[in-house]
Structures are given as C-alpha cells and as structure tokens.
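Welcome! Let's work through a few exercises together, one step at a time.

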Amino acid sequence: MAEHLSQSELDYPFKLLEYFNGFRVSKVIFSACELGVFDLLLTSAEPLSAVHVARELSTSQDGMERLLDALVGIEILEVEQRDGTALYSSTDVANLYLAKGSAKSLHDMIIYQSQTIYPLWNNMVDAVRSVEGKNQNEKTFGLPAEEVFQAMYRSEEEMLKFMGLMNSSWVLDGHDIVTAFNLSGFRTIVDLGGCTGALAREMAKAYPSSSVVVFDLPQVVETARKHFAQENDRIDFQAGDPNTSTQPLAERLRQRAAVPHREVLRRHPGHQMSCWRSGGQTATRTNHQERFHFGHYKCHNLPMI
Ligand SMILES: C[S@@+](CC[C@H](N)C(=O)[O-])C[C@H]1O[C@@H](n2cnc3c(N)ncnc32)[C@H](O)[C@@H]1O
C-alpha cells in the first residue's frame, strides 16, 4: 500500500530503488532469452564457461560474461569455479519457464515483451500526455494507431509473435481459469477471439463432453491451424468476424450480444468470466489479467498498446 511504502522508505528508499531499476532486471532476462542463453544451457550436458557460451551464440566474450554474471545475481543461473574458470548452469526455474520447448515455457511471452511491449512503454510519457489518448504504435513502429490488430498482424512473423504471446499467456493459469466455473452442463463453448486455441484446449480437457469452438479472424485461424495445432486436438476453429459474418454461429453470438442482461454464472475472486447461456450454447469471456496483483494489473492496464 502506498501509505505504508512511503513511511517505511523514509530511512532508506529500498523499494523505490528496486522500482527504478526494475527495467534492468527485465532487460537482462529479455536479452538472455533473445540470445538463446537458456536454450543452450538446457541442452548442454555440463556447465559452460562464458567463452564457450559466447562462441556458441556468436556474441562478445566480455558482454556474455557480464550478462551471465547478472543472471547469477538475480538467481536465474548458477555458477561454480573450476580451475579458476567460472562455469555457468541453468536453474530448474530457467529450464522450465525461460528455455523454449518446455510445456510451461514463457519464452514467447518474453520475446513479445522484449521486442514489442518494451519499445512501446519507452514512449509512456507521450502516451500519457497525448490528448487523443492514442496508443504509441505510430511513434514506436510507424504503424497506424487506430488499427491495432492490423498493426499486430502486419506480417506472418509479427502475427506469430503475437500468437506466441497469447499462447504462452495460458500456460500458467489456463486450467484454473476454465475450472473456476463449472461449464460441464454446456454442449458448446465458444471462445470468441480464441487465437491459437490455447484456452479452448484447456476447456476441451476440462469438459470432455462439450464441443469447444474457437472463433477468430480468418488469417489467425489459418496460422493457428498451421503452427499451433496439436495431435488429437478436440477443438474446432471457425474463421470470420462475429460483427459481420453470416455464419450461423456468428449470428447467434450477435443475438446474444444484443441481449442487455448477461448471465454471469460466477465471479471467481481475482477472475472475471462472463458466460451467456442460449439454447444450450454458452459464450464465455475472460479477463485473465485481473489475476495479476492489483499493482501489476494497473500497469497492464496502461494505454501503451
Ligand atoms: C488480445 S487477443 C486475445 C486472444 C485470446 N482470447 C487469449 O486470451 O489468449 C484478441 C483476439 O481477438 C481476435 N479478434 C480481434 N478482432 C476480431 C474480430 N473482429 N473477429 C474475431 N476475432 C477478432 C484477435 O485475432 C485475437 O486473437
């Protein structure tokens, strides 16, 4: 709480200094992820020297040594001395969350934070000052601020990056979110704007008797099918825009959206998930960001993107 913080910081501003320098910690992790440090250490059978890591990842030796030491400083890597050489290895946390490929990998989220969110936040002063309340896409990337999804989907590479972010968002708490409600009574569950289908897959696992549909823009559905499909997928994708599509599902969703009263089945502490019931069909919408600690949620809510 702010009043407690300001009191406890009077003798020495520990917390304030931690806040000021928070960006350095983020950048250390972002840089190591982008350079592939965690992937290399995960696949190495033994701890590696900075010289070895630098050679494998084509970086400067001095820069890599400093980066590895910073990662040791924040307890993400471990170091041991052998014959006067520092040898670095990953912690279990780095292997699980920061390297690519593990079932709980947050790698794609970090890449998006590093390459898109961080540059946008660099223009926070302008974003707050802006009387039009525009996002900073134009200033940061030279993209029109109005068309958020067009900007994010400007190339297949960018679309994949965004979809990777969305996909890894559900790694941690997708199961908790979909089981915060008992949706087992519904024959069909539609995830509107369901992107890669990550949350829909959690629903399909939790509710094996329901059919689960992801409704998203055609190019997103195509990319999801190409890059994010899983063996034995139990989810269906439908491509279209629920605002304009003439598909029966889109029309039903529009009818439901026109009903002023939303039947909120349950509000779970820390989650918001609204469900609409209609002739045996349910549309659900979640805001998983409310799961973040209040202060963090406020940060996520800043209009930078
Ligand atoms: C912020 S993302 C959320 C993705 C997903 N629900 C999740 O939480 O991981 C918003 C999603 O809405 C989709 N979307 C945006 N406009 C849409 C439209 N007009 N029709 C269908 N989907 C749309 C985007 O392609 C994207 O997948």
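How many helices and strands are there in the protein? There are 16 helices and 8 strands. Here helices (H or I, at least four residues) and strands (E, at least two) are DSSP runs, numbered from the N terminus. Residues are numbered from 1 along each chain as its sequence is written. Please keep in mind that this is a predicted model, in which local features need pLDDT of at least 70 and side-chain atom pairs count only at pLDDT 80 or more, while totals for chains, interfaces and linings use all residues.

**Exercise 1: Burial and the core**

Find what share of the protein is buried, and which residues touch the most other members of its largest nonpolar core.

Step 1. Start with the definition: a residue is buried if 20 or more other C-beta atoms lie within 10 Å of its own, exposed if 12 or fewer, and partly exposed in between, with C-beta atoms placed from the backbone. By this rule, 29% of the 305 residues count as buried.

Step 2. A nonpolar core is a set of buried Ala, Val, Leu, Ile, Met, Phe, Trp, Tyr and Cys residues joined through C-beta atoms within 7 Å. The largest one has 56 residues, and F38, V53, L68 and M203 touch the most other members. Helix 12 (residues 156-178) gives this core its largest share, 8 residues.

Step 3. Now look at M203. Leaving out residues up to four places away in sequence, M203 touches V178, I189 and V212. Two residues are in contact if their C-beta atoms, placed from the backbone, lie within 7 Å.

Step 4. Finish with the whole protein: among contacts between residues at least 6 apart in sequence, 52% join residues at least 24 apart.

**Exercise 2: Helix 12 and its partners**

Work out how helix 12 is oriented towards helix 13 (residues 198-206) and helix 14.

Step 1. Axes are lines fitted to C-alpha atoms, for helices over the stretch in contact, and angles run from 0 to 180 degrees between N-to-C directions. Angles under 35 degrees count as roughly parallel, over 145 as roughly antiparallel, 65 to 115 as roughly perpendicular and the rest as oblique.

Step 2. The axes of helix 12 and helix 13 come within 8 Å and cross at roughly 30°. Helix 12 is therefore roughly parallel to helix 13.

Step 3. On the helix 12 side, the contact uses M166, N167, W170, G174, H175 and V178, while helix 13 brings A198, L199, E202, M203 and A206. These residues divide into 7 nonpolar, 3 polar and 1 charged. In this sorting, Ala, Val, Leu, Ile, Met, Phe, Trp, Tyr, Cys and Pro count as nonpolar, Asp, Glu, Lys and Arg as charged, and the others, Gly among them, as polar.

Step 4. Helix 12 and helix 14 pack at about 75°, with axes 11 Å apart, and are therefore roughly perpendicular. Here M159, L160 and M163 of helix 12 meet Q219, T223, A224 and H227 of helix 14. This contact has 4 nonpolar, 3 polar and no charged residues.

**Exercise 3: Another helix pair**

Describe how helix 3 (residues 22-35) and helix 6 (residues 61-73) cross.

Step 1. Their axes come within 10 Å and cross at roughly 125°, so helix 3 and helix 6 are oblique to each other.

Step 2. V28, S31 and A32 of helix 3 make the contact with L67, A70 and L71 of helix 6. The tally is 5 nonpolar, 1 polar and no charged.

**Exercise 4: Residues in loops**

Are D83 and N232 buried or exposed?

Step 1. Locate D83 in the loop between strand 2 (77-82) and strand 3 (85-90). D83 has 5 C-beta neighbours inside 10 Å, so this residue counts as exposed. Its phi is near 50°, a positive value in a residue other than glycine.

Step 2. N232 sits in the loop between helix 14 (218-227) and strand 6 (235-239). With 5 C-beta neighbours inside 10 Å, N232 also counts as exposed. Phi of N232 is near 55°, again positive in a residue other than glycine.
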